[in-house]
Amino acid sequence: MTRPFIAMRAIFIKDMRLLWPLMLVCAALFLLRAGLPGPAGRLVETLSIGANIFLIVAAIQLDAPSGLRLDWRTRPITPVTLLVGKLGFLTASLLLPSMVADLLHDVIAGVGPGALLPRLLDDHGRAVIMALPIIAMAALTTRLLDAGVLGLAVAVLNAIVLSVMLTLAGQSPDQLDEQVLWPMVPVLAAIVAVGSILVLWLHYVPRREGAARLAFGITALLAAATQAGFILTL
Amino acid sequence: MLTITGLFKTYAGGVRALDGIDIDIPRGLFGLLGPNGAGKSTLMRTIATLQDADTGTIRFDGIDAFKDRMALQRRLGYLPQEFGTYPRISAQAMLRHFAALKGIHGAANRAIVDELLVRTNLWEARTRSVDTFSGGMRQRFGIAQALLGNPDLLIVDEPTAGLDPVERRRFQNLLSEVGEDVVVILSTHIVEDVAALCPRVAIMADGRILKSGDPRELTAELQGNLWSGIVDKGGAGHPGAGHQVITTRRFAGRTEVRVLAAQAPAGFTAAAPTLEDVYFKTLIDHGIPIQAE
């Protein structure tokens, strides 16, 4: 076995040992979410998203890449090895169980074999893109609370920009239906994905924490500006 | 041999933590003494590859610490002032995890971890979580994780702060055992630890190395010029102006004053110089405020 593989396996096993109760909760919520219709389903969906965010932040921050008092940095492993170990854990603990739960639900619901894979890839591709900024936020902070505050700040900034732009455009939020906003989604997803990957690359590869923070801020502003631009064209 | 040349570091707030450090550190235990805020921890973190300097170089047996971190990290053991542990994981499991991060796996992993648990006297507590350890046990666990992979360069930052005398002695014995064949840098503000363990010492303050050498030679410099006397509460017995007071300290309910002078002040007797006298004299000579009694 190579050194990086030994280290990745160790990180994976350690995270599993520490976070298995939360992994079980997430897996149970995936199964429930897939099978429950109506308001109960929406409640479980919300709980599931919350548990997933909590697990992502906890896994990344167990070996936080930020700050100076981090003894893992003195071990002979590269930050990339650490990141790959973490992403491997998140894939095994969140992505795969979620895919299995949805696959089971689709099979039970009678979805044809030809439609199974495209549905899975579409749903979970979006989930992965949504997870990227959460991973980036967790990497930029050292505590769950700090990650929460950062997430809240981004959400508030976004809401302010949206409401200002809607007022300027003389529109109401009801007019922001999926049909109108549909062209915006791929652009926004691309910005968020590229920005988040850049943040993680800066943070884990050349270890440039300041540049990673700057990239995060620019991504958040760019995402808000993109939404504003689309609203102004309504 | 660890060679540090022209090391400077200024933090974003303008605090100059390292102000031109130049020093060679040979194999064996090396004590780095200094008051709080001297820059010791910054120096330790920089040697341990945790942070970069603004300018300067650190070389260990030909390895450039800034250009080839990984090569240095393979030979490095580091016990920081405060180290992170994972909750609810036993000492044995955590050491196995750290050993794997150093590339040690399988039977070798189990063997080295078990050996270190025995050596640090933690075998009986191996299944307990490190969270539940006392301060001394925690520090012994810290040295065990630092010793994984037989490092040639061991950095221990304030390891005995907060330990009771028994645990402190036990930790000193452990350090002196491991410090025979490798470079061990012991950073501390506890002079007794360095005096007990280190054949070489440096005194640091304001980001600079003020003095370095063999403690015996450093203390010999004061031989014949150091005097001790007892002063009462009213000041009777005080040597008066014109004498350099090195320390005043309470001992057995009385105040002992140690002064440096060519001849004994009235009522004073010759005192055997200690590393603590050298430490305080060095700080006073460089205008560093000291918090002595």
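This is a predicted model: local features need pLDDT of at least 70, side-chain atom pairs count only at pLDDT 80 or more; totals for chains, interfaces and linings use all residues.
Residues are numbered from 1 along each chain as its sequence is written, chains are lettered from A and ligands numbered from 1 in the order in which they are written, and side-chain values use heavy atoms, with hydrogens and water left out.

Chain B is divided into domain 1 (2-214) and domain 2 (220-285), with bounds that come from an automatic or database domain assignment. The centres of these two domains of chain B, taken over C-alpha atoms, are separated by 34 Å. Eleven residues of domain 1 of chain B are in contact with seven residues of domain 2 of chain B, where contact means heavy atoms within 4.5 Å. Between them an area of about 790 Å² is buried, 81% of it given by carbon and sulfur atoms; buried area is the accessible area (1.4 Å probe) that two parts lose on being put together, summed over both. B:V191, B:I203 and B:K211 supply 54% of the area that domain 1 of chain B buries against domain 2 of chain B.

Chain B also holds an open sheet of six strands, in the order 6-7-8-3-9-10 and with mixed pairing. Helices (H or I, at least four residues) and strands (E, at least two) are DSSP runs, numbered from the N terminus, and two strands pair if DSSP finds at least two bridges between them. Strand 6 (76-79) and strand 10 (208-213) of chain B each have a single partner strand, so one side of each is left without a neighbour in the sheet. From one strand to the next, the twist averages 15 degrees.

Strands of a sheet pair through backbone hydrogen bonds, either parallel or antiparallel. Strand 7 (residues 153-157) and strand 8 (residues 183-188) of chain B pair in the parallel sense over five bridges, and B:V156 has B:L186 as its bridge partner in strand 8 of chain B. Strand 3 of chain B pairs with strand 9 of chain B in the parallel sense over four bridges; here B:L33 stands opposite B:I203. Strand 9 and strand 10 of chain B, by contrast, pair in the antiparallel sense over five bridges. Their hairpin has two residues between the strands, and B:D206 takes a positive phi near 50 degrees.

The nonpolar side chains come next. A nonpolar core is a set of buried Ala, Val, Leu, Ile, Met, Phe, Trp, Tyr and Cys residues joined through side-chain atoms within 4.5 Å, and buried means under 20% relative accessible area (1.4 Å probe, protein chains only). The largest such core has 93 residues, of which B:F141, B:I143 and B:L175 touch the most other members. Helix 1 (residues 3-35) of chain A gives the most to this core, with eleven residues. Domain 1 and domain 2 of chain B both give residues to this core, so it lies between them. A second, separate core of 29 residues includes B:I21, B:I47, B:I185 and B:A202.

The area buried between chain B and chain A is about 2500 Å², with 61% given by carbon and sulfur atoms. In chain B, the residues that lose the most area to chain A are B:L50, B:Y86 and B:L101, together 25% of what that side buries.

How values were computed: Axes are lines fitted to C-alpha atoms, for helices over the stretch in contact, and angles run from 0 to 180 degrees between N-to-C directions. Buried means under 20% relative accessible area, exposed over 50%, partly exposed in between (1.4 Å probe, protein chains only).
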